[in-house]
Amino acid sequence: MADFDTPPAPGRLPDAVHEAVRPGTALLRLETTGSREGVLDGAWWPRSRDIGEELPALVRALSEHLGPVTRVGLDAAAWDELPVRLIVDDRVVHIASFPVGDDTVLITRGDRDHFSLLVVPPHATPEAARAAMARAVQPGNTAQAGQILIDTGTGSSAQV
């Protein structure tokens, strides 16, 4: 494991963060500037395709860093039974179905502040998941989610 007392190189997460990646993990790289040049703001590796089971933990983790999450956009075809809303810590989170593909989730904070996360398929190996998540949060990444999954050998979640 990396020493957390030693700061990582600028724009990089400590190696220990990537070593700890396991199903149920979300990695975020949120820029504090008004310009977000990368395609993705983070990555999420759910344990299953049960959104009622998986989404509350993601919303809690994101809320700690972003503030209240108001809406989550998912592709209905990629998940088991997509509800229209969930209650997470006494807050209503609306769930919208968008044809974004099974490799992306869209997070909305407030009215217009959107974040896009790569979704690593639940069946991914730890090595492939770590590689995909690291690439998604890499500064300056311009690859789309689907291409990252192909490039890292993670494959499509449709293979489940």
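Helices (H or I, at least four residues) and strands (E, at least two) are taken as DSSP runs and numbered from the N terminus. The structure is a predicted model, in which local features need pLDDT of at least 70 and side-chain atom pairs count only at pLDDT 80 or more, whereas totals for chains, interfaces and linings use all residues. Residues are numbered from 1 along each chain as its sequence is written, and side-chain values use heavy atoms, with hydrogens and water left out.

Glu 54 is placed in helix α2. With a relative accessible area of 3%, Glu 54 is buried; the term denotes under 20% relative accessible area, with exposed standing for over 50% and partly exposed for values in between (1.4 Å probe, protein chains only). Its side chain forms a polar contact with that of Ser 48, at 3.0 Å. A polar contact is a pair of N or O atoms within 3.5 Å; within protein, one must be able to donate a hydrogen and the other to accept it, and residues adjacent in sequence count only if both atoms are side-chain atoms. When neighbours within four places in sequence are set aside, Glu 54 is in contact (heavy atoms within 4.5 Å) with Trp 44, Pro 46, Arg 47 and Ser 48.

The largest one comprises 21 residues, and Leu 55, Val 72, Val 105 and Ile 107 have the most contacts inside it. The largest share, six residues, comes from α2. Another core, of 14 residues, lies apart from this one and includes Leu 40, Met 133, Ala 136 and Ala 143.

Strand β3 pairs with two partners, where pairing requires that DSSP find at least two bridges between the strands. β3 and β6 are antiparallel over four bridges, and Leu 106 in β6 is the bridge partner of Gly 73. β3 and β5 run parallel and are likewise joined by four bridges, with Gly 73 opposite Ala 96 in β5.

Ala 96 belongs to strand β5 (residues 91-97) and is buried, at a relative accessible area of 12%. Residues up to four places away in sequence not being counted, Ala 96 touches Arg 71, Val 72, Gly 73 and Leu 74. The C-alpha atoms of Ala 96 and Val 84 are 6.6 Å apart, although the two residues are separated by 12 residues in sequence.

How values were computed: Core = buried A, V, L, I, M, F, W, Y, C linked by side-chain atoms within 4.5 Å.
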